[in-house]
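Dear colleague,

Please find the structure handed over to you below. I would be grateful if you could look through it before reading my notes.

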Amino acid sequence: SSPEDAISEESLKDFISSLPSREGWPQPLIQYKGYWFKPGILEGVLRASRDFAPRAGDVVLATQPKCGTTWLKALAFAVSNRSRHGLGAADHPLLTRHPQHLVPFIEIPGAAGGHVDIGALPSPRLLATHLPMSLLRPETRSLRCRVVYLCRDPKDTLVSRLHFENKVARGGGAGLLMDDAFGMFCEGFSPYGPFWDHCLEYWEESMVRPDTVLFLKYEEIKSDPARVVRRLATFLGIPLTEEEEGSGVAEEVARMCSFEKLTGLEVNQVGGVSHGNKVHVDNSVFYRKGEVGDWANHMSREMGEKLDRMVQDKLQGSGLVF
Ligand code: A3P
């Protein structure tokens, strides 16, 4: 553990202002241990590295933003709570609560629709994080917490990010342009980026410890969501029973968590959450198109090829491909 682990509340802001900062995104980003963060988020990151106490049995959903966090939260919640909340039930939490609010973030306490003290939650906890593996407390590994990592084609992730930034920062200045966002993303300068380092950390961990890190891609959920539901259930130690298989539970979870189903619910259309730092995030902003390959509508083929080549280069030798 590093000296920052114990950084006091009083010195948090001073510490952050001592770190490298760079403009370009609607908010300047601050570099900490090789990754870029929005200032308000970094406070949470530092608090988490000081205060978060992993427990055996914790399940952590890890993503970079815009890779399908909302979807993974919905799927993992439905799978792990299916004995408590029957899938067909009229009062299923997914029908009345935003998936983002059902699974709290370790480092963003206000994102779950109000401050959530994760230390006070009963075990086993279902938690989420955008942190790279190297910034999660080492006990996450030693206690063998299960981690589900979800990544996505970087081109679609960037397009989704650009739309999100421009929606969240609405009224807060000129819209960010694709050319500029593209250049920054390719330099590894994006929130929680470099994109490839984040993926690689979890990828390598999933190779070494496949029983504790499950590595998923947005595209594979899209092509066969029921299959991923089964994999998730098995990985979490609660595989679908024969009876559940017979009654189509995997398909039912996939349907409940589908883009079409979730966007049709009022809770995902209205309302929002204040993240502090004057950032207000509408519930609807987590849903846009939910498609694979939408990048082609927002960047040129040359840009797509350039980003692909660059990411390939960064991932070379790892076995991870997009
Ligand atoms: P697009 O902007 O490409 O549509 P995150 O949840 O990590 O912020 O990611 C948001 C992205 O996931 C958005 O991508 C959003 O539309 C998509 N998404 C949200 N819920 C989804 C679902 N149930 N199925 C598929 N995609 C979903």
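This is a predicted model: local features need pLDDT of at least 70, side-chain atom pairs count only at pLDDT 80 or more; totals for chains, interfaces and linings use all residues.

Strands of a sheet pair through backbone hydrogen bonds, in either a parallel or an antiparallel way. Here three strands, in the order β1-β2-β3, make up an open sheet with antiparallel pairing. β1 (21-22) and β3 (35-37) are the edge strands, each pairing on one side only. Two bridges join β1 to β2 (residues 29-32), and Ser21 has Ile30 in β2 as its bridge partner. Helix α2 (residues 39-51) packs on this sheet, where it touches β2 and β3, and its direction makes about 30° with that of β2.

Next comes helix α3. Its end C-alpha atoms are 16 Å apart, which agrees with the 16 Å that twelve residues should span at 1.5 Å a residue. Eleven of those twelve residues are buried, so α3 is largely enclosed by the rest of the structure. Among the buried residues are Trp71, Lys73 and Phe77.

Helix α3 (69-80) also contributes to the ligand shell, as do α7 (154-168) and α14 (259-263), with at least two residues from each. Of the 21 residues around the ligand, those that come nearest are Thr69, Thr70, Ser160, Arg288 and Gly290. The shell consists of eight nonpolar, eight polar and five charged residues.

Finally, Arg255 lies in helix α13 (residues 249-256). Arg255 counts as partly exposed because 14 other C-beta atoms lie within 10 Å, a value between the limits of 12 or fewer for exposed and 20 or more for buried.

Yours sincerely

Methods. Residues are numbered from 1 along each chain as its sequence is written. A residue is near a molecule or strand if its C-beta atom, placed from the backbone, lies within 6 Å of it. Helices (H or I, at least four residues) and strands (E, at least two) are DSSP runs, numbered from the N terminus. Ala, Val, Leu, Ile, Met, Phe, Trp, Tyr, Cys and Pro count as nonpolar, Asp, Glu, Lys and Arg as charged, and the others, Gly among them, as polar. The expected span of a helix is 1.5 Å times one less than its number of residues. Two strands pair if DSSP finds at least two bridges between them. Two residues are in contact if their C-beta atoms, placed from the backbone, lie within 7 Å. Axes are lines fitted to C-alpha atoms, for helices over the stretch in contact, and angles run from 0 to 180 degrees between N-to-C directions.
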